[in-house]
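Trainee: I am new to this structure and would like to go through how some of its labels are reached.
Mentor: Ask about them in turn, once you have looked at it.

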Amino acid sequence: MSRFTTVIPRKGTRSVKWDYAEELYQDKDILPMWVADMDFQAPQAVIDSLKERVDHGVFGYTMPDEEIKHSITNWIEKRHQWKIQKDWVTYSPGVIPSLHMIVQSLTNTHDGILIQTPVYPPFFSVIKDHERKVVTNSLLYNEGTYSIDFEDFEHQIVEGDVKMFILCNPHNPIGRVWTKDELSKMGEICLKHNVLIVSDEIHADLILDNHKHIPMASMNNELSNQTLTCFSPTKTFNLAGLQASYIVTPCEDKRKKVKKQFDQQGMFMLNTLGLTAMESAYLNGEEWLEELVETIQTNRDFAIEQFQRISDQIQIVPLEGTYLLWMDCRLMNLSQAELKSFMQKQAKVGLNDGVSFGEEGEGFMRMNLAAPREIVEEGVNRIITAVHQKTTS
Ligand SMILES: Cc1ncc(COP(=O)(O)O)c(C=O)c1O
């Protein structure tokens with residue numbers, strides 16, 4: 001069996017997705033398809049390098065050396081055709097900590113910060129936690145596809161006195177990989193109004209079909225100077241528990257301010273095993289990644305085909321990037337509380353509530369497809385069976 005078909009029991013491993021699910025969904029039989037980590041083992045090379053490091057047995061303070069920096073700059077150039085300098089990199093235990101540090105160091109209390117909703121829930125809290133103002137540009141949803149209302153984007157920047165824009169590319173939860181044209185329009189408006197761009201590109205390596213990820217900062221020199229990009233190997237290679245990520249900031253002044261913020265919180269070091277895994281994944285993980293992307297595509301196509309059988313009830317938003325399926329359940333004619341309860345109690349599948357991504361997520365649910373086919377089939381079938389029971393009862 002391939003590494004992407006083997007079901008690996010995760011209960012009892014302190015897994016947030018599996019062990020916390022029982023408490024969260026109040027059901028021991030719930031099938032967890034929520035939080036964004038995968039039910040796959042990391043690349044064998046990563047496991048081997050971690051074993052070798054563990055066998056050494058000494059886990060003292062650890063620093064990222066030239067080889068680690070090189071593995072990062074190489075990966076970004078090879079996968080995303082963006083030539084970055086090693087000095088532009090600031091290490092961070094995660095993208096969420098990075099967002100907190102960036103907001104604190106580069107904006108002031110009450111500043112407006114723009115996000116495009118529905119969006120990854122911590123985008124709201126990183127703004128609110130520091131008493132900045134959440135300004136939203138709602139994404140347009142028409143005939144099953146999402147797009148950007150650029151007029152509103154600019155209007156919100158002006159009206160909301162926006163100083164920073166947090167971009168999600170590829171976008172979680174709607175699964176769009178923003179095109180060059182879309183990035184260029186957003187970038188131009190931000191430059192025109194001197195809005196700093198923070199580009200969360202944690203899903204950059206999870207690109208499906210013929211879509212192409214373009215880092216916002218790689219578009220031109222002006223945007224490079226205006227943008228801080230958050231990358232991480234943890235989403236790509238399923239290493240979230242090892243907590244190792246980094247920010248790429250070409251502008252020296254912004255980079256220094258963010259670094260100072262990290263230092264002031266005493267966060268100037270990464271976890272020994274996280275660094276080992278990051279280097280190994282970037283050096284040896286490419287083949288594994290290609291296989292992963294194929295698996296996600298096949299899981300997505302399977303889910304779409306199955307849900308089409310009840311197409312008057314659940315419609316699937318096209319998935320261009322990430323492994324998170326955005327399900328339009330509005331034709332089920334349930335309130336959000338009823339929809340949540342239906343998925344939890346009738347279908348017994350643990351999904352993310354659409355409204356947690358903002359009010360635009362009403363009537364939607366998010367399903368994690370990064371699991372062996374057996375698990376995805378079980379989840380999709382549970383939902384379809386429950387929908388049939390609902391319609392025939
Ligand atoms: C868009 C986005 N940003 C950040 C994160 C979390 O990043 P980290 O675990 O590095 O804090 C996630 C996880 O799902 C995500 O989807």
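Mentor: Pro-173 sits in the loop between S7 and H8. The model is a predicted one.

Trainee: What makes the peptide bond from Asn-172 to Pro-173 cis?
Mentor: Its omega is near 20°. Another cis bond joins Asn-169 and Pro-170, with omega about -10°. Pro-170 is placed in the loop between strand S7 (162-168) and helix H8 (180-192).

Trainee: Why does Glu-131 count as exposed?
Mentor: Exposed means over 50% relative accessible area. Glu-131 has 51% relative accessibility, so Glu-131 counts as exposed. Glu-131 also has a positive phi of about 55°, although it is not a glycine. Its place is the loop between helix H6 (122-128) and strand S4 (133-138).

Trainee: Why is Glu-143 called exposed?
Mentor: The relative accessible area of Glu-143 is 84%, and the cut-off is over 50%, so Glu-143 is exposed. Phi of Glu-143 is positive too, near 45°. Glu-143 belongs to the loop between strand S5 (140-142) and strand S6 (145-147).

Trainee: How do you know that S2 pairs with strand S10?
Mentor: Pairing needs at least two bridges. S2 and S10 (residues 245-248) are joined by 4 bridges and run antiparallel, so they pair. Tyr-91 stands opposite Tyr-246 in S10.

Trainee: What makes both faces of strand S2 covered?
Mentor: Val-89 and Tyr-91 on one side are buried, as are Thr-90 and Ser-92 on the other.

Methods:
Residues numbered from 1 in each chain as written. Predicted model: local features only at pLDDT ≥ 70, side-chain atom pairs only at ≥ 80, totals over all residues. Heavy atoms only, no water. Buried < 20%, exposed > 50% of the residue type's maximum accessible area, 1.4 Å probe, protein only. Helix = DSSP H or I, 4+ residues; strand = E, 2+ residues; numbered from the N terminus.
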